[in-house]
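I opened the file to look up a few positions and some whole-chain values. The entries below follow the order in which I looked.

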There are 2 protein chains.
Amino acid sequence: MGVAGLGNVGATLVRILQKDGAELNKKLGRQLQVTAVAARSRSRDRGIDISGLEWFDDPVALAKSDSIDLFVELIGGEDGPAFAAVKSALEIGRPVVTANKALLAKHGVLLAKLAEESGAQLGFEAAVAGGIPVIKTLREGLGSARIAKVFGIMNGTCNYILTRMGNEGITFADCLKDAQALGYAEADPTFDVEGFDTAHKLSILATLCFGYEIAPDKMRIEGISRISQHDIQVAADLGYKIKLLGIAERTENGIEQRVHPTFVPKGSAIAGVDGVMNAVALETDHVHELLLAGPGAGGPPTASSVLSDILDIARGTRVPPLGVPSDELLPYREAPARAHEGGFYIRLAAKDVPGALAAITTRMGEKSISIDSVIQRSDLAAKAIAPDGSPSRTVVMITQQTLESSVREALAQIAADGFIVGEPQLIRIEKL
Amino acid sequence: MGVAGLGNVGATLVRILQKDGAELNKKLGRQLQVTAVAARSRSRDRGIDISGLEWFDDPVALAKSDSIDLFVELIGGEDGPAFAAVKSALEIGRPVVTANKALLAKHGVLLAKLAEESGAQLGFEAAVAGGIPVIKTLREGLGSARIAKVFGIMNGTCNYILTRMGNEGITFADCLKDAQALGYAEADPTFDVEGFDTAHKLSILATLCFGYEIAPDKMRIEGISRISQHDIQVAADLGYKIKLLGIAERTENGIEQRVHPTFVPKGSAIAGVDGVMNAVALETDHVHELLLAGPGAGGPPTASSVLSDILDIARGTRVPPLGVPSDELLPYREAPARAHEGGFYIRLAAKDVPGALAAITTRMGEKSISIDSVIQRSDLAAKAIAPDGSPSRTVVMITQQTLESSVREALAQIAADGFIVGEPQLIRIEKL
């Protein structure tokens, strides 16, 4: 096989195959060997010996080379050389394994179609939730179960930051700095912390679950950069943790996909998934829930998932890449907004003037939003000095089931009334 | 295919194939159909129409019949007709799917050998943790990951009872009665509540994880019937829940398998697995942990797992039933007892006489057992009247890392000294 991209995952994969190759060959009854590689620098020290391997500067040339029988793409990026190389391999019927979620989210349907036409296999277990075998479970492991909802923690950077904010009471900015120092976050963290990475992964899972075309752009995406210690503390007081969830649900009128910070009950299994761990939960029509939790990234877990795809291809396992043949995928159909069963958490800085709270709750009532509880904590109030120096109080409201658009309209009205300072915070509460 | 056994799971399977057959056939590109059945009573109403199916009184005759190409065993029992029928099918090269953990635990190696010799496939996804695809994950989903430890909640009856004891403060006996009324526990609950069912499942998982022969009898097995409200309450106070875990670990000197009630930290993912849910956790040499949680029993989830095996066989997926060829399995090697890292919880009823506590703690010291904390709660003391009417106090001690045998020796000594009433309770604390 040929491996393009020798970063952390690629180098780990080559190392595993060089070290444990004999044992795997015994298990498989077939020879598994990396014979050729492509990467940016030939001389960089990666802790592996590539001197005996055929070298390619161009991953596309490697993908097409007759010297390999399987192409592993670990370059990354939704277009460019990764896309060109994977496309080239599939066009000539060569099986491909990739860990590239951005590529799959953007071109997954096209690539699946190419694979089906040429009879090549396309594995991407490592593209979603790194070391967790969620793709295999969805493609092969569920028998007759019809998925009604899939949700999960799919970005280790965000989960690491939220976990530390919860455990240590430090700010988002400080956590992010630490995560960057530890290599858990990129220099430009936008893609992770603003939820786009989660959206890519969610869109791939949603297609496998529901049989619609991949639609990474058809969803509301909100990241964690606006989560404050207020939010974390109030959540804890109310018996919740805050997690960044990607959620996709089958409704009568189409698919609902969304990515946003979420209050999850402390006792739930998904609330126990902390640090860089990921988790994916599946709810079926039989109302039973399956939770898969594990490492979302890192060299060994991700390389292990890549290898499980390689082993499946070597064994001759044949399944359509996206679960059903690509020409049977339905055009994506976005569900209209629905009332959110779990209600909302709203935090705002109300000006410390008489009548403010009454005015705010009146506006909520006008939009038929029922308030479950209102929390004004004196210990939080001290921190809530508005930028213009005017005194304000942090007010937290928990709503009952309602439409998000109603809440947003009420908040816009309240802002226009001049009773609040800054942007209100709005977080969904999931009952799970 | 032929289905032997039309209980809850069998009838659900037939119903699913009759109802969703067309959709599955489309997904698979191949016809899936139940053509013959065997069960005890032909006339019993199971909510399915079996009038068009070939009927067999004898499951062995069905297993051997040329009218079927796959045999599904849902009879149950470790010997008897289930064993005879599965053996007969495999001997003539006919693929078998079974949900029978007792059969697998006792005869798994023999059956795997028969399957390999005749070229038949043997699927048993539903035998461990019902609706959770843990067998597939272990056989195919882990690539290069080498498992160091497997543990889990594998009996829904026990988990249901412990969850209700924790949430509602009721006794084991009352919970058991409710579980029986709801159909979650058998009339004779011994097999479930004393841990034997968990031991069977654990032994199958251990073989898939570590490549040793199945050894369901080579372990200490302790059930939940002696768990009291004292234990549940103290656990909660200390930040733990009590779960019945099966744990198997690879050590330098062999395999350690054990089934017992365990203190698990409240915030851990496995502690969030409540009610009839099951969970299996895998720790690999890369120290990453994978947790799979879901329904451990019930018609639809279990039938769905049976069906996932059927689909794999129809697709032509070929893997050795026990992960490696059966003649490469190592003879089971039991690890010698080791000090338990997490320490122990000890509850005993100390006679209310001067010097009792000093005498007890002295005996612990003689066995080099370090005590982390001693708890005497007045609210629990009232309940601890000895059967002979003498006043006693409930004393709870938490030890540091030590050997279980040391603790048991110290407790025997303490009992001989005459300072305690009744049997002490001893529960392992797992750090997880």
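**Entry 1: Lys201(A)**

I began with Lys201(A), which counts as buried because its relative accessibility is 6%; buried means under 20% relative accessible area, exposed over 50% and partly exposed in between, with a 1.4 Å probe and protein chains only. I note that this is a predicted model, in which local features need pLDDT of at least 70 and side-chain atom pairs count only at pLDDT 80 or more, while totals for chains, interfaces and linings use all residues. Residues are numbered from 1 along each chain as its sequence is written, chains are lettered from A and ligands numbered from 1 in the order in which they are written, and side-chain values use heavy atoms, with hydrogens and water left out.

I looked up the record for this position: the UniProt annotation "active site", from an unreviewed entry, covers Lys201(A). UniProt positions are given in the numbering used here, feature names are shortened, and annotations may be inferred rather than shown by experiment.

I placed Lys201(A) in helix H9 of chain A, residues 196-210. Helices (H or I, at least four residues) and strands (E, at least two) are DSSP runs, numbered from the N terminus.

Which residues does Lys201(A) touch, not counting those up to four places away in sequence? I listed Lys101(A), Ala127(A), Val128(A), Ala129(A) and Met154(A). Contact means heavy atoms within 4.5 Å.

**Entry 2: Lys101(A)**

Lys101(A) sits in helix H4 of chain A, residues 101-118. Lys101(A) counts as partly exposed because its relative accessibility is 25%. Beyond its neighbours within four places in sequence, I found Lys101(A) in contact with Ala127(A), Asp197(A), His200(A), Lys201(A) and Ile204(A).

I then checked backbone angles. Most residues other than glycine have a negative phi. Ala129(A) has a positive phi, near 55°, and is not a glycine. I found Ala129(A) in the loop between strand E6 (122-123) and helix H5 (134-141) of chain A. Is Ala129(A) buried or exposed? With a relative accessible area of 0%, Ala129(A) is buried.

Ser368(A), also not a glycine, has a positive phi of about 60°. Ser368(A) is in the loop between H12 and strand E15 (371-376) of chain A. Ser368(A) counts as exposed, at 61% relative accessibility.

**Entry 3: helix H5(A)**

How many residues of H5(A) are buried? I noted 8 of its 8 residues, so the helix is mostly covered. Among the buried residues of H5(A) are Lys136(A), Arg139(A) and Glu140(A), along with Val134(A), Ile135(A) and Leu138(A). Gly143(A) follows H5(A) and has a positive phi, near 55°.

**Entry 4: helix H12 of chain A**

I looked up Arg363(A) in helix H12 of chain A, residues 356-366. Arg363(A) is partly exposed, with a relative accessible area of 22%. Arg363(A) and Glu409(A) are 46 residues apart along the chain, and their C-alpha atoms are separated by 9.3 Å. Leaving aside neighbours within four places in sequence, I listed Ala410(A), Gln413(A), Ile414(A) and Asp417(A) as contacts of Arg363(A).

Thr361(A) is also found in helix H12 of chain A. Thr361(A) is partly exposed, with a relative accessible area of 31%. I took the distance from Thr361(A) to Leu208(A), 153 residues apart along the chain: their C-alpha atoms are separated by 43 Å.

**Entry 5: Ala206(B)**

I turned to chain B, where Ala206(B) is in helix H9, residues 196-210. Ala206(B) is buried, with a relative accessible area of 4%. Apart from neighbours within four places in sequence, Ala206(B) is in contact with Gly211(B), Ala248(B) and Gln257(B).

**Entry 6: chain A as a whole**

Chain A has 14 helices and 18 strands. The C-alpha trace of chain A spans about 80 × 45 × 35 Å along its principal axes. Of its 432 residues, 60% count as buried. Of the contacts in chain A with a separation of 6 or more, 76% are between residues 24 or more positions apart.
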